[in-house]
Each structure stands twice: as structure tokens, then as C-alpha cells.
Amino acid sequence: MRRALAVCWALAAVWGLTLPNAADADVLDSVNWARLRGCNAAAARAPLRSNLKLQDAAGRLAGGVDLHEALARVGYTGSEFSALHLSGAINDAQVSRILTANYCRTLTDPKLREYGAVRRGAELWMVLAAPVSVPSAADADTVSRHILGLVNEARAGGRRCGAKYFAPVAPLTLNRSLTSAALAHSRDMAIHAEFDHRGHDGSTPAIRVQRAGYGKYVIVGENIAAGAMTAVEVTQGWLASPAHCENIMDGRFTQIGIAYAANLSSSAGMYWTQDFAAPR
């Protein structure tokens, strides 16, 4: 699942605003002046904070690398990004003028909270980003129950998974052993930054369910995902994929385990597992 990406290129110079001491401010101060005061100041928003990885990414943009590659090279994990290239902004006052006149929509996005920039003469490259908000271990039960609710809502309504239609089926219930198996696999994927149903030790979903102490079963299935950051995003992704959707809608399954693990130094960031089963 890919995170949202917005790129804006600005090749303009706009004049005419009066800025208090903006010429003596550094670039971040100029950007934050536009964000907090030059644009609609009625909306409450926090100033952007500097991030060294985004500064490095901006430098790579200046060298001709595209934004996706630049962010991957510096190891920055975020949920949304915007890149701005200003040409003709010779001083910081002009930076504020150009941004205020043309890019308030980007600047005032409350999700964008971190910033990095590189200036080369009259050229300025900036990257703004929304840092990932990762659910903590303390949130695990809440997140699992949120996903369970979304899954059971889909099961209750019936659904087409690709070319195959599934009639409404009974709701799933959370099972502690299946959740343990799901957590073990999510952690394994996160630790090794690998996305696969086969565990790093060669284990299969059925083996992991047995290890977790589930007992005898009629059927076992598994969904995995990487890159989603919320319960809604990961469930929507599963339901949009015919094979994953079929597992969710399969009436033979009666129980489910749901878990996630994070590795923010990996390209995916978050790893998710659903384990399905029916006891014998």
C-alpha cells in the first residue's frame, strides 16, 4: 500500500507583501511565517519543525533525484509528502511572498508537520512531510477490535471479491491464540523487513497457529499487509484485493486473530497479519 504523495513545483516570483524583518530570518522562519501568518491565520496550526532527513532529501531533489527515491535513500517514513521548488526566491522575504501568494493550501495542511530545505542561489527546494503516527502496543486491543468491526460489517452485508460474490455470513470472534500467531508473524516481518506468508524460520500460517496453541482446526487462512498505517487503511486494502477479500468473507472461518508490528527504518513501516481458523 503506497502512501499519498503530493508534488508542487513553483517557478514564479510574487511581490507586494510587507513582512516584518523577514529578510533577516532563516528559511524555516520564512516558511513558518507564511504558514502561520501569511496564509489564513484563523485556523489553528503548529509551526513546521526541521528534520535532517528531509533536508537531505531536499538536497537530493536539487541533484535531480525524484521525491520517492530521495525519501527512500534517506530512510524517512511518512504518510504524506509535498515537494516545493521555488525559482527566483533570492532572499527569505521573497520565499514568504511566493509561498503566501501561491501555496497556502500546501503550507496550511495540518498533517504536514516536518520540513527540510536546500537553497542554491535563487533556487530553493523544500520537502514537507506528515510523520507516521504508529499505534503503540497499548493500542493493540483497540486497533484489533476496530478491524474486527470493519471485517464483520463486510461479512454481514455480503460482498463481491473480484468476480466472486459472497453472501452474508456470521461474524468472526477474536481468538487469543490466533492473535498470538498473528503477532508473531507481524513481528517477524517487521524485524527482517520482509513481506511474506513464509516466516523467516520457514514457518507457514498453519505451523504458527499450531505453535500458538490453537489446537485442532478444520481450516486456517492468513492475510498480511505492509505499509498501511491505520485500521481503516489496512482493512480497505484487504477488501479491495480479491484473494484477501475472499478470506474475510469465507463463511468456513469462525475465529480471527489480528496484530501489527512497526519497523520505521523499513520502507513499509508497518506490518499487519490476520489469521483465520475454525476449530475442529
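Predicted model: local features only at pLDDT ≥ 70, side-chain atom pairs only at ≥ 80, totals over all residues.
1. Residues are numbered from 1 along each chain as its sequence is written, and side-chain values use heavy atoms, with hydrogens and water left out.

2. Tyr 260 sits in strand S10 (residues 255–263) and Trp 272 in strand S11 (residues 269–279), 12 residues apart. Helices (H or I, at least four residues) and strands (E, at least two) are DSSP runs, numbered from the N terminus.

3. On the aromatic pairs as a whole, the count comes to 3. Tyr 76 and Phe 81 make one of them: with ring centres 6.0 Å apart and planes at 70 degrees, the pair is edge-to-face. Tyr 76 is buried at 9% relative accessibility, and Phe 81 is buried at 7%. The rule takes rings of Phe, Tyr and Trp (its six-membered ring) whose centres lie within 6.5 Å, and calls planes under 30 degrees apart stacked, over 60 edge-to-face and the rest tilted.

4. Tyr 76 also turns up beside Asn 51. Leaving aside neighbours within four places in sequence, Asn 51 is in contact (heavy atoms within 4.5 Å) with Tyr 76, Glu 114, Tyr 115 and Gly 116. Asn 51 belongs to the loop between strand S2 (49–50) and helix H2 (52–62), and is buried with a relative accessible area of 15%. A polar atom of the Asn 51 side chain lies 2.9 Å from the backbone nitrogen of Lys 53.

5. How many disulfides does a search of the whole structure find? There are 2, where a disulfide is a pair of cysteine sulfur atoms within 2.5 Å. With bonded cysteines counted along the chain, their pattern is 1-2, 3-4.

6. Cys 39 is joined to Cys 104, S to S 2.0 Å. The S-S torsion of Cys 39 and Cys 104 is about -90 degrees, so this disulfide is left-handed. It links distant parts of the chain, 65 residues apart: Cys 39 is in the loop between helix H1 (27–38) and S2, and Cys 104 is in helix H5 (residues 104–107). Cys 39 is buried at 5% relative accessibility, whereas Cys 104 is partly exposed at 22%.

7. The sulfur atoms of Cys 161 and Cys 245 are 2.0 Å apart in a disulfide. The torsion about the S-S bond of Cys 161 and Cys 245 is about -55 degrees, so this disulfide is left-handed. Cys 161 is in strand S6 (residues 159–161) and Cys 245 in helix H10 (residues 242–249), so the pair ties together parts 84 residues apart in sequence. Cys 161 is buried at 2% relative accessibility, and Cys 245 is buried at 0%.

8. One backbone point to look at: Ala 193 has a positive phi of about 50 degrees although it is not a glycine. Most residues other than glycine have a negative phi. Ala 193 lies in the loop between helix H7 (176–192) and helix H8 (205–211), and is partly exposed, with a relative accessible area of 44%.

Note on methods: Buried < 20%, exposed > 50% of the residue type's maximum accessible area, 1.4 Å probe, protein only. Polar contact = N/O pair within 3.5 Å; in protein donor to acceptor, adjacent residues only side chain to side chain.
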